Amino acid sequence: MIRSPGSGVWAAPALRWAARRVRRGGSVTLLVTVTDDNAVLLPACLDAIGAQSRRPEEIVLLVLGSHPVTRRQVSVGVSASWRVRVADLSGTHPDAAWARGVDVSRGDYVLGVHAGDTLHPESVGRLAASLDSSGADVAVGGQPRAASGVGLDEAPWLVAGPRRETQMWRRSSVRPGTSSTWFSALDGVLAAARVDSLTVPVTVGPRRGTGEAFGTLPILAPYAEEWVAELGEIEQRLSPALRAAFRAWVLQVELPRWLCDAERCTPLQWSILAGEARRRWSSSSPAERAGVPAERRVRVWLAAQDRRADLEAYVAARFQEEGLLPTRAVDGRVLAEVPVPGVPESELELSLDETRLQLRVLRHRVVADELDLALAAWIPGVDSEGARAEVRLLGDGGVARPADVQVASDVELRRLSGARHVDHTHGLLIVSPPAEPVATEVEVAFTAGEITRTACVALARPVTAYGEIADVALDGSCLVVRLGHGAGSENGADFPRGSGTSPAAFPVGSASFPASPGKPTTPPGELATTLQGPVRVVGTTTWGEMRFRLRHEPWGDGERLIPAGRYTLDFGADEALAGRLPLTLRSEEYRARVEAAPGGLAVVLSAPHEDEEVGPVAQQRLQRWYAVTDLRLDPRAVYLQSYTGQAATDSPAAIHRELRRVRPDLRLRWGVADASVRVPEGGEPVLMHSREWYAALATSAHVVTNVDLERWFVKRPGQRVLQTFHGYPAKTMGLSAWHAKNFTPLRIERLLRRTSGTWDLLLTPTPEMDRLYREHYRYDGRIHSLGYPRDDVLVAPDAAEVRVDVRRRLGLTDDLGDRTAVLYAPTWRDDLATNHRAAPLVSPLDVDELAESLGEDYVVLLRGHRFHRRRPRRTAGSVLDVTDYPEINDLILAADAAVLDYSSLRFDFALTGRPMVFLVPDLDRYEAARGFLHDFRASAPGPLLDDPAEVAEALRDLPSLAATYADRVAAFNRTFNAHQDGHAAERVVRTFVTG
């Protein structure tokens, strides 16, 4: 985007149009940063690059870690026509790698990604088109962001290459090419550049140092003196124009980042950082200071005032909350509200970049030469109630025409904006002027309160073709799709509806899920309709209404609702329905958003929340209500939660069953993620993030959970919390994990308050484990150390019957006899995680090759971790993906053997006495990155293997494997499972509720 100098208003479209020089073609040099943490993801990255509609001609692999980049990794997805060069920068910290220099002089464009990034096929083309058409110097992919603070490591980026004379290179004295100067100054070039930040479909992979877990904080304080000296050296090498931009970048980005580590500073290091803050603050102009994001500006101001204690408290209070400050509008300014006294209002004002008008095109079509356009608009930090808007259209030749606009409301805009402290509901803009000449851009001046911002958004080619769908509705757990006139009929007459049904099925893995579309009495032909997404739905019908039952029976244990997710109808909307999109539907089972999608319509199913519960700002209001509500505790109410509500399982489920047996008078309420989650008999599902859910947490006298409670949780007087945990204490946790992530004391104190500070009773499997929790969580409360309730079913008298039933439902038993089931359950790698609850499944074991090697008598049950990115469930040959199977104990009982790595599942599986093998080729690396509480090599009750071929060999003779390690498994159980006798739930309930 191009901004008018000295204003917060984006330049008029006509000026942009006149200045635009559209360039076509041009070679792309791809820079792929390869570290130890993402090298294993390189093949997937190159596969995605190979699928680009605009493919790079040259790949430069910037190897920063010690992990070898193998020929196999490079060859995947790389055609013979590509030039591939490897720049070995191993041993160099990623932050300093650019100074080593790489020849990128061959490319008209330079694209930077990390090996963990996965790009959509159109990503490179869209980034290049953005550069060519917007007049910007840099196109940054991923989520939209403010122009300030764009760095090399934040997201995929594209710049005009050194071979092209652009304003960015003319403004600097840097001569791009083979010298190291190009890369050492590139951050400064980006700081001076005009940035076009756009949403490009891309999965951003890990961007951390070698072996670092997600959320690891950098240790910067010891290097403060060297850093300040390096800043001076770089500034001396830059031209005056670029030097000014570089100084602004330091003030906006680098200095605030270093100040986050103030708590770790020695007095000398603090004096250096505070002195640098004072020098840069005093030498900067008011305009330069105003360009610093408010949250970061407060840090710099506190340091410049030598208020170290306040800075440390402020940073700790904002830990994991950066960018989500509450705001208020005062006299045409947007001010941040910070938990620090005495900060002048001038330092609290949000920068112009932070309050830049955001625009999203929701609907764009032409009907009878009339334009029908719907936009979402919001100003970050400003409530949209009572908003006004003015709209101008830009067509061919740069002629701008005013257009009529209606401002409406849509609660889904809360989700779209992601704002937590202000409401953007009232930002739906309906534009309906004549379409001729064709509009290519829209300029919007949006006013909320006393704040006005102007921005432009480009329009793609309008939708002019229509489909057959006249209406989409939710009827309970049915998606009703009504076809309009002409859908399969030459004369456009409605098809007669019959009373019969035509069965259809949509396959998911090995299961068939029935749908029930109606069937006409006289079928004039057949129409195929597909509902796609996490599941694939296929129905065949020829009438005017189809009803898709949003229920399935994936595991032969009764019907349940299909999970929330994005599904696609391959019919398009007719003219009338298209004019109503996007459309929000709601039933007791779902909330659905119907949107236009390539080739049809998208139906986004989510939990059936009320309007007042939708979006982060609605959740913030409910949390404030929860914090002050005077609802009384119900002594008969028990709230139970397992993980984040996707299933009612683990120890809370076992405790539920025991409570039903001994205390049927209690009210047992379960937090569930959506209506598809089943709860045990006698339980009441409570939709998480609903007002009812907050009330249940506020009024339940007993709370049972196997995960940390939310940060905003407040324990009421008399309320008791039972923390069951969901895994055996085997890997670093609490203090050891936080110290490994370089968390500072103030941050750790906050974490302890919201974890062990809320517990009234903690479960451990044996008294020997109590010490670990007391040390790692500084916990001095009550501990119940007589076994885990979740494991009772594994040693129960009816365990054999459960095994038979589960194996039958999974298809492991048929007329030909029993098949040997191998459970493969790799754990997640937190050094590959992309957030606190997501990581790619990277495994040395190819399950298809393993199944083929073992033969038709074996079935491999693939169980991904709940943090692994979800994939469409599949059954290929003798592989059954059971990642979404709701009860892990069923799978443990059904399996004849297990292939594991570092998961604590080994403690549960050992109770069956069946053999395990451990595929751990990265044991040393995992141990260094995560760490164990017990000696893994000495305690693992099975062979430690490095090669998948060894796994197959061991599994071919299970009787021999079981006999070899029987004594080892028995000793393991004596040490770690001594109290797992099937009665743990009885003992826990007596202690916590009935005792």
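The model is predicted, so local features need pLDDT of at least 70 and side-chain atom pairs count only at pLDDT 80 or more, while totals for chains, interfaces and linings use all residues. Residues are numbered from 1 along each chain as its sequence is written, and side-chain values use heavy atoms, with hydrogens and water left out.

Cavities come first. A cavity is a set of points, on a 1 Å grid over the protein atoms alone, where a 1.4 Å probe fits but cannot get out. Grid points are joined across faces, edges and corners, and a volume is the space filled by probe spheres set on the points. A search of the whole structure turns up nine cavities of 30 Å³ or more. The volume of the largest cavity is about 60 Å³. Its lining, meaning residues with an atom within 4 Å of a point, consists of Arg247, Ala248, Leu251, Arg280, Ser283, Ser284 and Glu288. Helices (H or I, at least four residues) and strands (E, at least two) are DSSP runs, numbered from the N terminus. Helix 9 (240-259) and helix 10 (267-283) each supply at least two lining residues, and helix 9 gives the most, with three.

Next comes a pair of helices. Two packed helices are described by the angle between their axes and the distance between the axes. Axes are lines fitted to C-alpha atoms over the stretch in contact, and angles run from 0 to 180 degrees between N-to-C directions. The axes of helix 23 (residues 847-854) and helix 28 (residues 948-955) come within 10 Å and cross at roughly 35 degrees. Where they touch (heavy atoms within 4.5 Å), Leu850, Ser853 and Leu854 of helix 23 meet Val951, Ala952 and Leu955 of helix 28.

Aromatic rings of Phe, Tyr and Trp (its six-membered ring) pair if their centres lie within 6.5 Å; planes under 30 degrees apart count as stacked, over 60 as edge-to-face and the rest as tilted. The structure holds 27 aromatic pairs. One of them, Phe725 with Tyr773, is tilted, at 5.1 Å centre to centre and 40 degrees between the planes. Phe725 lies in the loop between strand 37 (720-723) and helix 19 (734-740) and Tyr773 in helix 21 (residues 770-777), so the pair ties together parts 48 residues apart in sequence.

Two backbone details remain. The peptide bond from Leu581 to Pro582 is cis, with omega near -10 degrees. Asp306 has a positive phi, near 60 degrees, though not a glycine.

Terms used: On a 1 Å grid over the protein atoms alone, a cavity is a set of points where a 1.4 Å probe fits but cannot get out, and a pocket is an open set with protein on both sides within 12 Å along at least five of seven lines; lining residues have an atom within 4 Å of a point.
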